[in-house]
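Visitor: Could you walk me through this one? I would like to start with the overall fold and then look at single residues.

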Amino acid sequence: MGRGSSGHSTGAPAPRGSMRQRLDRLVREAVKFGAVGGAGLLVNLLVFNLVRQVTDLPVVRASVIATVVAIVFNYLGFRYFTYRDRGKSGRTKEMSLFLLFSAIGLVIENGLLYTATYGFGWDSPLQSNIFKFLGIGVATLFRFWSYRTWVFRALPGAVAPAAGAPAAGPVAEGGRGPAGAPSRQHVP
């Protein structure tokens, strides 16, 4: 890579450290997302089983209630833990997108449970919990992608700071952020 057929360099290869740093940031983000999501999973399953135990609501309605409670819990965890370094302006847009993608996740999660319960008649408490769990898993993959891509977007030109370094990063050359998108930050 970076060498022509004659063995001479055809251009400066991308620094190895930058790829490693991006991978490290993605791993840290996935771990934080997983921690919040794991706690949200527990909230979701606990509320689901509690609602099923103390009410006569149908299984999917109990699941929707539990999912909504978990969505609120997860938003707080994602905003103030996983993505606390992301832009905080435009909270109305952020909340709207979060709710939109959470609603799609809710449909994915509860659609699987609905299909198992009413399509196949699998309605025992164990079966309901298994399909609730599987639905959460499938919906989580969608949510991870959508939240990091559309809701809690990285600030253009911002770089994850090294330990002890200030959080602000310079704008990329030409006033453009990642992938050549116009940057919202201005350097005097």
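What follows is a conversation about the model shown above.

Visitor: Before we begin, what kind of model is this?
Guide: This is a predicted model, in which local features need pLDDT of at least 70 and side-chain atom pairs count only at pLDDT 80 or more, while totals for chains, interfaces and linings use all residues. Residues are numbered from 1 along each chain as its sequence is written, and side-chain values use heavy atoms, with hydrogens and water left out.

Visitor: How many helices and strands does the protein chain have?
Guide: The protein chain has four helices and zero strands, and its elements run α-α-α-α from the N terminus on; helices (H or I, at least four residues) and strands (E, at least two) are DSSP runs numbered from the N terminus.

Visitor: And what share of the residues counts as buried?
Guide: Of the 188 residues of the protein chain, 29% count as buried, where buried means under 20% relative accessible area, exposed over 50% and partly exposed in between, with a 1.4 Å probe and protein chains only.

Visitor: Let's go to Ser102. Where is it, and why does it count as buried?
Guide: Ser102 is found in helix α3, residues 91-119, and Ser102 counts as buried because its relative accessibility is 1%.

Visitor: Which residues does Ser102 touch?
Guide: Not counting residues up to four places away in sequence, Ser102 touches Ile71, Arg143 and Tyr147, contact meaning heavy atoms within 4.5 Å.

Visitor: What about Phe142?
Guide: Phe142 lies in helix α4 and, leaving aside neighbours within four places in sequence, is in contact with Phe101, Ile104, Gly105 and Ile108. Phe142 and Gly105 are 37 residues apart in sequence, and their C-alpha atoms are 6.9 Å apart in space.

Visitor: How far apart in sequence are contacts across the chain?
Guide: Among the contacts in the protein chain with a separation of 6 or more, 66% are between residues 24 or more positions apart.

Visitor: Changing topic, how much of the accessible surface belongs to carbon and sulfur atoms?
Guide: The accessible surface of the protein chain comes to about 12000 Å², and 67% of that belongs to carbon and sulfur atoms; such areas come from the Shrake-Rupley method with a 1.4 Å probe, and for residues only the protein chains shown count as cover.

Visitor: Thanks, that covers my list.
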